Every structure is written in C-alpha cells, then in structure tokens.
Amino acid sequence: MAGFAGRVGIGLVAVALGCGTAAAQGWQHLGKVQRVEKLKDGVELSAGSAKVRITAFRDGIFRVRVTPNGTFPKDFSWAVIESPQPPALQIEESQKEIRITAGSVIATAQKSPLLVDFKDAAGNVLLADESSLPMGWNGQRIHVWKKMPSDENYYGLGDKAGPMNRRNRSFTNWNTDEFGWQESSDPLYKTIPFFIGLRKGTAYGVFFDNTYRSTFDFGKESADYFSFGAEGGELNYYFMAGPEPKKIVEEYTALTGRSPLPPFWSLGYQQCRYSYYPESRAREIVRTFRDKKIPADTIYFDIDYQQDYAPFTINREYFPTFEKMISDFRSQGFHTILITDLHIKKNTDHGYAPYDSGIRNDVFVKNPDGSAYVGKVWPGDSVFPDFTLARTRDWWGSLYKDFAGMGVAGFWNDMNEPSIFFRADKTMPLDTVHRLDDGTARDHRAIHNVFGMENVRATYEGLRKLQPEERPFVLTRAAYSGAQRYAATWTGDNSSTWNHLAMSTPMLLSLGISGFPLIGDDIGGFAGSPTADLLTRWFEVGALNPIYRDHTAKGTADQEPWVHGPEHEAIRKKFIELRYQLMPYLYTGVEEATRTGLPLMRPVFLEYPQASEFYGDNRDFLFGRDLFVAPVTTEMVDAEEISLPPGVWYDYWTSEKHAYKEKINLHPRLEEMPLYVRAGAILPMQPVVQYTGETPNGPLQLRVYPGNDCRGSLYQDDGHTFAYQKGEVLRVNYSCKVSAGSVTVTSSVDKRAFQPWWRSAHVTIYGAAVAPTEVRVDDGVIHDWHYDGQAHAVTLTVPDAVKNWSVRLTF
Ligand code: GLC
C-alpha cells in the first residue's frame with residue numbers, strides 16, 4: 001500500500017459527497033459523525049453510510065466495531081470466549097467529541113472526522129487514530145491507522161521470526177507451512193492478531209479479531225503511524241488498557257482463553273524424530289534412555305508408523321506389536337505421542353474407516369460445485385474434514401477411540417494450516433466451501449486461519465469425551481488466537497544452525513505473551529544436522545523452555561542426547577536433569593499460567609516494564625518470576641556480557657551475588673549456561689528422577705535466596721486427572737524475612753487435599769556470609785545443620801514439612 005496522502009483526500013471527499021463503494025477509487029475513510037446513539041454499553045455513531053460502535057467490554061477493555069454499509073454482521077468470534085461485563089459508564093457529548101468513561105479508561109470519538117482515542121484516567125493518550133487517516137475500507141478490505149510515538153515498541157503476533165520488538169517491520173497473517181523458515185520468512189504457521197504496545201513502562205494491548213488474511217505494519221511504511229487491517233471480515237478490535245504488560249496478557253487470555261493444565265508427563269523431556277521405525281528402533285531408543293539414565297518421558301511417532309501415511313492406521317510391517325510396544329513403554333515410564341494429521345487419505349473401497357465414515361457423514365470440505373475438495377499431502381490424494389462444523393469435530397474426535405484404548409498418551413496435529421502439496425499457495429483454493437453450524441457457509445478466505453485451531457479443538461474435545469478422567473495432550477502447528485485452549489505448540493520446521501538457536505528465544509517469548517504458555521522448538525533443529533556444540537547448547541537452553549522436545553527431519557543425522565560422544569552426552573544429561581530437578585517449580589509455574597495466562601517463559605519487560613534496556617533483548621528471558629536465563633546461542637566464545645534485571649541476583653551455579661547494572665563478563669565453557677536466581681526467590685525442587693511418574697527418592701528441596709519480596713509457592717496434584725478441579729491439590733506458600741542478625745523462612749499450607757510424594761523438606765538458605773549461631777525449626781533449636789562457607793549456604797531438614805513451619809537462622 002502506498003500513497004496515503006492521496007487516499008485520504010479521496011476518502012474524505014467520497015464520504016462527504018456520500019459516494020458509493022470505494023473499490024475503484026481506493027480507500028474510503030470515516031467522515032463526519034452525523035448521529036450519536038447511546039447504547040447501554042457505549043455508543044453507536046453514524047457517519048455517512050458507515051456505523052461505528054465503541055463499547056466498554058469490561059473494566060479496562062474497549063471494543064470498536066465498524067461497518068461500512070451500516071449493518072453490523074452477527075456478532076461471532078472463534079477466539080473470544082469471555083462475555084462482556086460492561087462497567088458503569090459515563091457518556092458525555094460536546095460539539096466536538098463524545099467521551100465514554102468506563103472505569104479507569106476513557107474512549108473519545110472526535111466527530112469530524114471520526115477519530116477514536118483511548119486515554120488513562122489522568123488523560124494520557126494511550127492509543128489514538130492517526131489524524132489524517134480515519135478508519136477506512138476499500139472493497140472488502142478494512143484498515144486502521146494509529147499514531148506511532150517515536151519511542152513505542154511492539155510485541156506479540158505469535159510465532160513471527162526475527163527480533164521480538166516488531167517495530168519498523170510489517171507482517172502478514174496467513175497460516176503457512178514454511179519449511180526451513182528464516183528470520184525474513186512471513187507469514188508463518190499461526191495467526192495471532194494481538195500485540196502489546198510498550199512505552200516508558202506503560203503498556204496497552206490490541207486484539208484485532210479477524211480471521212481473514214491480515215497485516216500489521218509497525219512503522220515500515222511510515223515513521224508517523226502504524227496500522228493493521230484485513231482483506232475481508234469485520235473491522236473489530238479490542239483495546240486493553242494495562243498499564244502493566246502483565247495485565248495485558250491476563251486480559252488477553254481472559255478474552256481468548258487459557259491453556260488447560262497439561263498432564264505432568266508432558267513437561268518432561270520429549271524425544272522425537274521423523275520417524276522412529278521400525279519397532280525395534282523405537283524400542284532401542286527407549287531402552288537407551290533408561291540404560292544411560294538420561295531422564296525422558298515421551299517418545300513420538302511421526303508419519304512413518306502409518307500405513308501409506310493414512311491417518312489412524314498402523315503399518316504392521318514396521319510395527320508388528322504396536323499395542324504391546326505402547327504398553328511396554330508405559331511400564332518403562334514412557335508416554336507415546338502419535339502424529340495424526342488432518343488430511344484423510346482418499347482411499348476408496350479399501351475399508352479405510354476414516355474415509356468411508358467421513359463420506360457417509362458428509363464431513364469433508366467441498367468445492368463450489370458440491371464435490372469433496374481433494375488435495376495432495378503425505379498420503380497422496382486426500383480430503384479435509386470441515387472442522388467448522390460441530391458434527392465434523394465430533395466425528396473426528398471419535399477417530400481417536402482405538403489409539404486412546406491402546407494407551408497412546410498424546411496426539412500431534414501437524415500440517416493443519418492446512419498444508420497442501422504441489423500448489424503455489426501451499427493450501428486449498430480460496431473458493432472451497434466451509435459450512436457452519438448455523439446453516440451458512442464461508443469460503444476459505446474466512447476460515448483458513450482458524451482451520452488448524454478447529455482441528456485441535458476437535459481432537460481435544462474428542463479426547464475429553466473418550467477419556468473424561470485424563471488430561472489430553474495435543475500438539476498443533478497452526479493456530480488462531482484461542483488455540484491455546486486446546487493445544488501446546490512449537491515453532492515448526494526450523495534449521496540446525498546457530499542462527500536458528502538464537503532466533504528461537506524471541507519467537508518463544510512472543511508466543512508466550514500471545515497467549516501460548518506451552519511452547520517449544522525442535523531442539524537441535526529440524527532441517528539439517530547440528531554440530532556437536534550446537535546440539536549441546538540447544539539442550540541447555542531447551543531445558544528451560546516450557547516444552548522440551550528434540551526433533552529432526554528425515555534423512556538427517558541422529559539427534560538423541562547421546563550422539564557425539566560421552567562428553568557431550570554428560571553435559572546434555574546434566575541439563576535434562578536440571579529440568580527434572582526444577583519440575584516442582586516448573587509445574588507450579590504452568591499451573592499459574594492456566595489461571596492467569598502469564599507464560600512460564602517471560603520477556604524481562606513483562607516483570608520489569610520500567611527497565612527499558614531490556615525492550616530489545618532477544619537473548620535473555622525469565623523462566624517463571626525467579627530465574628533469569630542468559631543462554632549461549634553463538635559458537636563464539638568471546639565474552640558473554642550479561643546485564644541482570646533490577647534487584648539482586650544469585651548465580652544459580654556458584655551462589656555468588658550480583659547487582660542490577662553490574663557488568664558481568666563470562667566465558668561460559670561448553671558445559672555452562674549462565675543462570676541466575678532472584679534474591680527473594682524460594683525455589684521448590686526435587687531429586688532427579690528418570691521420568692516424571694517415578695517417585696523421587698528423597699525430600700522436597702527448597703532453595704531459599706533471601707532478598708526483597710521473598711516468596712515462593714508450590715502446587716502439586718496427581719498430574720494427570722481432573723481431580724484438581726475438585727480441589728484435590730496441595731498449595732503451599734513460602735516466604736522469608738531478613739532482618740539484622742536473622743533470616744526466617746516460613747511455610748504456610750494453603751490447601752492440603754493432595755498427598756505429595758515427600759514428607760520432609762531439605763532447605764538450603766543462601767546468602768549467609770557466616771555460619772549461624774543458632775538454627776531453630778519451629779520453636780526448637782536444632783543441631784543437625786550444615787554450613788557451606790564457599791556457597792554461603794545453610795542446609796537443614798524439616799522432618800514433617802507438609803504443614804506450616806518456620807525456620808530461623810540467627811547470626
Ligand atoms: C512437518 C512437521 C515436522 C514433521 C513432518 C513429517 O514438516 O513440521 O515436524 O516431522 O512434517 O510429519
């Protein structure tokens with residue numbers, strides 16, 4: 001798009017003269033407000049043929065809808081699950097403008113031309129339409145232009161590559177199978193039309209709920225404004241006021257939903273490749289993990305386990321005892337995940353149930369002439385379930401019956417952009433017909449970007465019905481906002497290069513703030529084969545990614561932790577073990593994400609919005625609130641410079657203390673990944689296990705790092721059922737107090753309706769420059785404690801720890 005100046009002139013004139021459609025003339029923009037109608041939750045403004053509704057969705061959230069022709073379409077969203085709860089409103093009208101005050105946010109509509117802005121209670125403008133560019137339309141296209149302060153930064157949009165700060169770039173959302181993507185590749189697999197604007201510590205959010213091909217331009221076209229729009233559908237967006245970035249993430253995930261609690265085992269180490277076969281090879285992989293005592297929870301089967309790549313079949317030549325293999329793996333503590341792509345092989349007259357029953361039930365996407373659309377994917381000619389229909393989703397869900405019965409633990413829905421081979425556009429034609437439950441139909445333009453989400457919805461809901469007591473685990477590649485309600489996701493087909501290792505962090509951070517807490521990348525890279533050092537470094541940072549899955553393409557070198565010899569194996573094992581030791585902290589963080597939407601893997605600005613030096617940090621991240629990770633993502637090694645977030649931080653490995661703004665220069669050896677703990681953190685940890693289902697041998701481990709705002713928490717439950725929803729959980733809060741001459745650590749049980757594996761707690765209190773003179777547990781003096789003068793740490797055991805207790809060190 002170019003030539004805005006001309007367009008504005010035409011637009012305003014067109015509106016003023018009341019001209020007709022704009023397709024031929026370019027853009028039409030909103031003109032003068034001619035009528036104001038007060039609604040119970042806001043206002044409806046008429047300007048020429050167009051109407052604009054500005055409503056308060058709930059405290060802190062406004063919604064804007066525009067219809068160029070004066071008729072609003074039926075209000076419908078694939079993403080939004082929250083009902084509006086408009087707060088008390090005050091609407092004031094003057095000659096120039098209409099002001100709606102709702103809670104702490106004020107929306108103002110200037111009347112001529114119609115321009116919208118949002119302010120905080122103090123009158124500071126948070127977001128405003130660009131004065132020369134009121135909202136506009138051009139045929140089916142719709143667009144919004146906003147003023148762009150010179151120091152504003154933009155984050156979000158899900159799995160976009162390149163720097164986390166989106167400023168100065170433009171993006172397209174059109175779910176695309178992009179094998180071997182690079183930082184310049186766009187669009188990618190997902191459509192998350194949501195971003196956070198951040199400036200001087202103050203944030204706001206915008207969710208543009210439109211499923212058509214959409215674009216976001218954060219100042220590439222102009223230095224004065226940014227803009228977003230779509231090729232069709234409704235101009236419909238939500239404004240979230242913040243002002244904290246955390247609050248925006250909470251609001252956005254309240255609107256579009258949060259990830260349900262995943263099964264505990266899915267947080268363990270996951271081993272994948274394209275593909276493990278035959279059966280003997282898969283068995284060998286599982287055995288090797290146990291023999292080498294490298295912890296792991298999951299093995300994946302990629303497309304080669306299937307007969308002719310037909311979903312829901314088993315290649316019996318490769319897997320003669322598939323069912324037994326799965327149960328044998330179970331008894332070794334391994335969960336099995338199967339790929340089940342959405343394309344159904346067009347396999348007529350072969351008794352292939354998914355095809356036959358699909359035809360019988362009329363569930364496939366159609367051509368305009370009413371025939372089933374056929375496209376080529378892995379199985380050759382394939383048909384595609386019409387996931388926008390509830391009855392299709394039910395049918396799809398029921399296809400999992402046999403696998404679920406065999407004890408398969410999770411499912412991987414890939415290629416669901418949907419990806420189609422041998423077509424330049426890589427997907428189905430735009431005129432294919434998708435039916436909706438209300439009896440209407442939409443073409444692929446409207447449905448493409450939600451197709452993958454409705455695919456995993458069908459899988460998730462199907463599994464819920466088949467196994468009401470088990471938490472499903474579903475992995476998706478494509479998504480629209482809200483897909484986090486059904487599936488975890490990964491960043492698709494990356495490559496085995498240092499560059500890709502470095503690109504992974506900003507991408508995962510962006511996904512995290514875009515509503516997806518359960519995310520990972522292909523550890524080691526999918527395309528190509530990593531060098532030994534690269535794979536080792538990838539294992540290091542991956543240990544602190546929410547999903548930890550090693551995966552690689554067909555025809556590449558082996559990529560399991562033990563390849564490249566014993567030295568590399570030992571380092572990789574050390575980091576996998578670190579992940580298992582941190583599991584209580586990790587699971588507590590994931591449970592938090594299910595309630596608040598706050599991801600485990602956080603950009604520093606999420607916790608420290610005032611620390612603007614982190615606005616462009618693409619290397620470091622916080623893992624939960626209390627761990628700061630500075631991974632090594634280059635072959636280097638020149639010195640790695642580390643700047644810590646505000647506060648005091650302890651080196652996780654040496655327990656040395658560091659201050660904010662202190663310049664740290666490290667030369668991390670291959671086995672070292674810089675990792676810091678917030679002074680004020682209490683980390684619940686556990687002894688190493690070989691898989692999450694193994695009962696740890698030893699007490700709960702609590703690492704206490706005294707400092708300001710000293711607290712930690714622990715959440716535990718049975719790890720796989722829904723009993724937690726009935727309150728069968730353990731919740732403990734820990735805190736510590738530092739005063740002159742003493743440190744007190746307190747445990748306070750919030751809920752004790754689940755019996756954990758541990759009884760006692762092994763407590764380590766760091767930051768003790770000298771040995772204490774007295775150690776008390778509750779009120780009794782104990783003598784059985786240890787002081788480590790090098791680590792400046794005191795260790796002791798609280799024998800009966802699943803209760804309230806306190807420990808006091810006196811110096
Ligand atoms: C796609 C997936 C990849 C998978 C392959 C075969 O490329 O992104 O992860 O291994 O298909 O199923």
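**Figure 1. Strand β53 and its two antiparallel partners in the predicted model.** Ile765 has Val794 of β53 as its bridge partner. This pair belongs to the contact between β53 and strand β49 (residues 761–765), where five bridges join the two strands in the antiparallel sense. Val794 in β53 also stands opposite Tyr787. Strand β52 (residues 785–788) is joined to β53 by four bridges, and these two strands likewise run antiparallel. Together β52 and β53 make a hairpin with four residues between them. In the turn of this hairpin, His792 has a positive phi of about 55°. Strand β53 itself covers residues 793–798; five of its six residues are buried, so β53 is largely enclosed by the rest of the structure.

**Figure 2. Strand β12 between its neighbours β11 and β19.** Strand β12 comprises residues 141–147 and is mostly covered, with five of its seven residues buried. Strand β11 (residues 136–138) runs antiparallel to β12, and three bridges join the two. Within this pairing, Trp137 is placed opposite Ile142 of β12. The hairpin formed by β11 and β12 has two residues between the strands, and Gly139 takes a positive phi near 60° there. Strand β12 also pairs with strand β19 (residues 225–230), in the antiparallel sense and over six bridges. Here Trp145 stands opposite Ser227 in β19.

**Figure 3. A three-stranded open sheet.** The strands are arranged in the order β24-β26-β25, and their pairing is antiparallel. Strands β24 (344–345) and β25 (375–377) are the edge strands, each of which pairs on one side only. Two bridges connect β24 with strand β26 (residues 380–383), again in the antiparallel sense. Lys345 is found opposite Ser382 in β26.

**Figure 4. Thr172 and its contacts.** Thr172 is part of strand β14, which spans residues 170–173. The relative accessibility of Thr172 is 19%, and the limit for a buried residue is under 20%; Thr172 therefore counts as buried. Apart from neighbours within four places in sequence, Thr172 is in contact with Lys160, Asp186, Pro187, Arg213, Ser214 and Thr215.

**Figure 5. Helix α10 and the elements packed against it.** Helix α10 consists of residues 532–542 and is mostly covered, ten of its eleven residues being buried. Among the buried residues are Leu534, Leu535, Trp538, Phe539 and Val541. The charged residues Arg537 and Glu540 of α10 are buried as well. The buried residues of α10 pack against two other helices, α9 (498–513) and α11 (566–581). They also pack against the strands β21 (269–271), β34 (522–523), β35 (548–550) and β37 (621–623).

Figure 6. The C-alpha trace spans about 90 × 70 × 50 Å along its principal axes. Of the 811 residues, 63% count as buried. Among contacts between residues at least 6 apart in sequence, 68% join residues at least 24 apart. The chain exposes about 28500 Å², of which carbon and sulfur atoms supply 50%. There are 86 positive and 98 negative side chains, and the centres of these two sets lie 4 Å apart.

Terms used:
Residues are numbered from 1 along each chain as its sequence is written. This is a predicted model: local features need pLDDT of at least 70, side-chain atom pairs count only at pLDDT 80 or more; totals for chains, interfaces and linings use all residues. Side-chain values use heavy atoms; hydrogens and water are left out. Buried means under 20% relative accessible area, exposed over 50%, partly exposed in between (1.4 Å probe, protein chains only). Contact means heavy atoms within 4.5 Å. Accessible areas come from the Shrake-Rupley method with a 1.4 Å probe; for residues, only the protein chains shown count as cover. The place of a charge is taken as NZ of Lys, CZ of Arg, CG of Asp or CD of Glu. Two strands pair if DSSP finds at least two bridges between them.
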